[in-house]
Amino acid sequence: MTRGKRVLWLAVLLLAACAGTAPNVLYVQAGPGGLSSKQVEINDKWLARTLSFGEVTVRPLGLGSSMEVQVAVQNTGSRNAYFEYRFLWYDAAGSETSTITNWIPAYLGSGESRGFKSTAPGPDAAGFRFMVRKQQAVTHTGS
Amino acid sequence: MKRITGSLLVLMAVFFFAGCASAPQVSYGNPEQVETVTSDFGSTDLQMIAEKMVNSLLASPVLSSGARPVFYVHRVRNMTDEHIDTRSITDKMRVTLLKSGRVRFSAVGEVNDEILKQLEYQSRSGVVDPATARSAGSQVGADYFMFGEISSIRKAAGRVEDVYFKFTLNLVNIKTGLIEWADEKEIRKEAKRPLMGS
């Protein structure tokens, strides 16, 4: 391989490493009665090798008009994982109902497993998305 | 030689005019992004606290009974060594809790003077139609109030600075005087100064 080609490959690899990747998403349909469906979308294979979605538990609250959910995430890698996550809630029509939608930084040690909790923002919640992604730079603009 | 001198002059002119361009570069950011510009209290810390407290409160028995209790925010004391607008934390929580439809907030703690002034104006000024004038004695009494504290421990050694924030919030039942719910959020941040520069 010529020197020029090597530099080109290096540049491509660097760009690939720096490029933003879409998050891995766990789609869950659930009500206070329990879980009805669960689907995983992997957009970042590198992250999926480290962080895996585990059990989803649904706990009805009070009179059963609302619920608290917990998603277990495990770091299956050999290194500590620094990542960001968020919950987005939806009603039966698919409209987003979350009022807190920010990404939250999190950490899991190698082999560690932890449950991430969220409470439905209102009684009309019919499902949620739990998203995880690699730590992002702070200077991103727009959405 | 002449060519090099010419190039240098052009380069100097470019730097000169670049220096004169005084307008700062401004761009809009996404408020949902994680912010770690400095180790000081920032927007992500505020959002993390609000998220934890709201989730915890919504899952608490106080808000799960079906009744819509009335809250007001007493105060959140800032015990850290930096200026933190604690009101912005409680405002964020209040907005989210109100949107859940499971709690109501009394404005008495914050705008009571204005409410009293308005009641006085409506009932005594003679300007307001008596049929629409609001009279005193109909305010809804609060069931609970919130109070809390944010504190921090800051340590630095060499180029490394470690900051620990702890936010505690309590919910007091006014009738019984009991703290019926409390939760806390801990945040730890580490900043490393670069070898070169400030």
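## Chain B and its contact with chain A

In this predicted model, 27 residues of chain B are in contact with 24 residues of chain A. Two residues are in contact if their C-beta atoms, placed from the backbone, lie within 7 Å. On the side of chain B that touches chain A, the elements giving two or more residues are α2 (43–58) and α3 (86–100) of chain B. The largest share, eight residues, comes from α2(B). Helices (H or I, at least four residues) and strands (E, at least two) are DSSP runs, numbered from the N terminus. By class, this side of chain B has nine nonpolar, 14 polar and four charged residues. Here Ala, Val, Leu, Ile, Met, Phe, Trp, Tyr, Cys and Pro count as nonpolar, Asp, Glu, Lys and Arg as charged, and the others, Gly among them, as polar.

Residues are numbered from 1 along each chain as its sequence is written, while chains are lettered from A and ligands numbered from 1 in the order in which they are written. Local features need pLDDT of at least 70 and side-chain atom pairs count only at pLDDT 80 or more, whereas totals for chains, interfaces and linings use all residues.

Chain B holds four helices and five strands, and from the N terminus on they run α-α-β-α-β-α-β-β-β. Some overall values follow.

| Property of chain B | Value |
|---|---|
| Radius of gyration, over C-alpha atoms | 26 Å |
| Span of the C-alpha trace along its principal axes | about 90 × 50 × 30 Å |
| Buried share of the 198 residues | 23% |

A compact globule of 198 residues would have a radius of gyration near 16 Å, by the rule of 2.2 Å times the number of residues to the power 0.38. A residue is buried if 20 or more other C-beta atoms, placed from the backbone, lie within 10 Å of its own.

The largest nonpolar core has 48 residues, of which B:I49, B:A50, B:M53, B:V54 and B:L57 touch the most other members. Its largest share, eight residues, comes from α2(B). Such a core is a set of buried Ala, Val, Leu, Ile, Met, Phe, Trp, Tyr and Cys residues joined through C-beta atoms within 7 Å. Leaving aside neighbours within four places in sequence, B:A50 is in contact with A:I100, B:I89, B:K92, B:M93 and B:T96.

In chain A, three strands form an open antiparallel sheet in the order β3-β4-β7. β3 (51–61) and β7 (113–119) of chain A each have a single partner strand, so one side of each is left without a neighbour in the sheet. Strands pair if DSSP finds at least two bridges between them; β3(A) and β4 (residues 66–75) of chain A have nine.

Terms used
A residue is buried if 20 or more other C-beta atoms lie within 10 Å of its own, exposed if 12 or fewer, and partly exposed in between; C-beta atoms are placed from the backbone.
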